[in-house]
Amino acid sequence: AILGPIAKLLGWVMNGVYYLMDQIGIGNVGLSIIIFTIIIYLLLFPLTYKQQKFSKLSQKMQPELQAIQKKYKNKTDAVSRQKMGEETQEVYNKYGVSPSGTCLQLFITFPILLALYRVIINVPAYVNGVKGVFSNLVNAIYTTDGFDKILTDYVDAGKINNLTSKMVDFSAKDTTAVKNNIVDVLYKMPSDGWNFLQDKFGSLTDLIQTTHDQVEPMVTFLGLNIADSPLSTIKSSFASHSWLMLIGALLIPIISYVTQVINIKMMPQPQQTQTGDSSTDAMAAQMKTMNIIMPLFSFVMCFTVPVGLGIYWISAAVFRAVQQFFINKHMEKIDLNDIIAKNQEKMKKKREKLGISEEDMKKAAKIKTKNIS
């Protein structure tokens, strides 16, 4: 209900990218994924920049927030908790930011990135130019007796990564759905899958070969089939002694890991606390652990997911690193006091729109709510 419409919108962008690339004679899915990724992250730049500004202000606020935490350390009574909250809010008001920080940005960007992942792993569902290449062969397979059992057995044998027979029902009554499922199988089929098709569908040998000749340059990027997983490519390359292919497949997870590490190193890191506050220290420890685990997760996952998804992870990490480099340079030059003054003015105008004056805020802060019935 949420990701579907977002994925359709992103798919429209991906479809446009591939169409333009195809018009200039470079109809390659891998290259289209890179360009598509850059476009989406450029569109998300305003949110990223706003998040970076908040991080910069957070670093400047930390000494004051830590002083408040130290002041009320080990004080658990209601009055102390209330005063601590009030003083903390005063710091946020001073810098003109909201305690919720970048929650809104994350709320917006997270579903977009999930939908982006959906488009990358299922390109034919969103890109007409890719789906159209398979049309003639799909129609021919659909009219062949017993095709459903042949393809179901092939999928059940684990020949296609991240695809099960529950995800592709060839016995459905909806003709369009069945044909779409055949497209999914053909697109995600590993390189040796085309030999399987010629063996099982002997009467379609010429059509299978023609389709393969069209598909191969479309799904091949730097010699790798983007539908194959690096692990599958490594196994087949080792068996056939194709050492360059093996090295290329190994480089996908390695480069993914390295770019993720570089990306994390360039991100502004929270300052180490000196207050001894257990909850704050635990949060910092969790952040440090996540910074170690995430690149390792990317490295391991890249072996089993399609190469196309690895290309997306790498291109996204490289773009974020370049973007972060320029943001860091910009942040070194900006005047934080000027940003704080502007933020305070914005918050003042918002309160005035709600009918709340500065004097009202000061009076409200002095009211002892304990005596209000």
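Analyst: Helices (H or I, at least four residues) and strands (E, at least two) are DSSP runs, numbered from the N terminus, and by that rule the protein chain has 17 helices and 2 strands. This is a predicted model, in which local features need pLDDT of at least 70, side-chain atom pairs count only at pLDDT 80 or more, and totals for chains, interfaces and linings use all residues. Residues are numbered from 1 along each chain as its sequence is written, and side-chain values use heavy atoms, with hydrogens and water left out.

User: What makes L222 count as exposed?

Analyst: A residue is buried under 20% relative accessible area, exposed over 50%, and partly exposed in between (1.4 Å probe, protein chains only). L222 has 77% relative accessibility, so L222 counts as exposed. L222 is placed in the loop between β1 (220–221) and β2 (224–225).

User: Why is Q89 called partly exposed?

Analyst: The relative accessible area of Q89 is 33%, and therefore Q89 is partly exposed. Q89 belongs to helix α4 (residues 78–95).

User: And what makes H241 count as exposed?

Analyst: H241 is exposed because its relative accessibility is 54%. Its place is in the loop between α12 (230–240) and α13 (243–266). H241 also has a positive phi of about 60 degrees although it is not a glycine, whereas most residues other than glycine have a negative phi.

User: How do you know that the buried residues of α10 line one face of the helix?

Analyst: In helix α10 (residues 193–200), the residues G193, W194, F196 and L197 are buried. Seen down the axis of α10, these buried residues fall within an arc of 155 degrees (taken from the directions from the helix axis to the C-beta atoms), so they line one face of the helix. On the other side of α10, N195 and D199 are exposed.

User: Which helices do the buried residues of α10 pack against?

Analyst: They pack against α7, α8 (147–156), α9 and α11 (205–219), where contact means heavy atoms within 4.5 Å.

User: How do you know that α7 and α9 meet, and at what angle do their axes cross?

Analyst: L137, V138, N139, I141 and Y142 in α7 meet T175, V178, K179, I182, V183 and L186 in α9. The axes of α7 (residues 135–142) and α9 (residues 175–188) come within 10 Å and cross at roughly 115 degrees; such axes are lines fitted to C-alpha atoms, for helices over the stretch in contact, and the angles run from 0 to 180 degrees between N-to-C directions.
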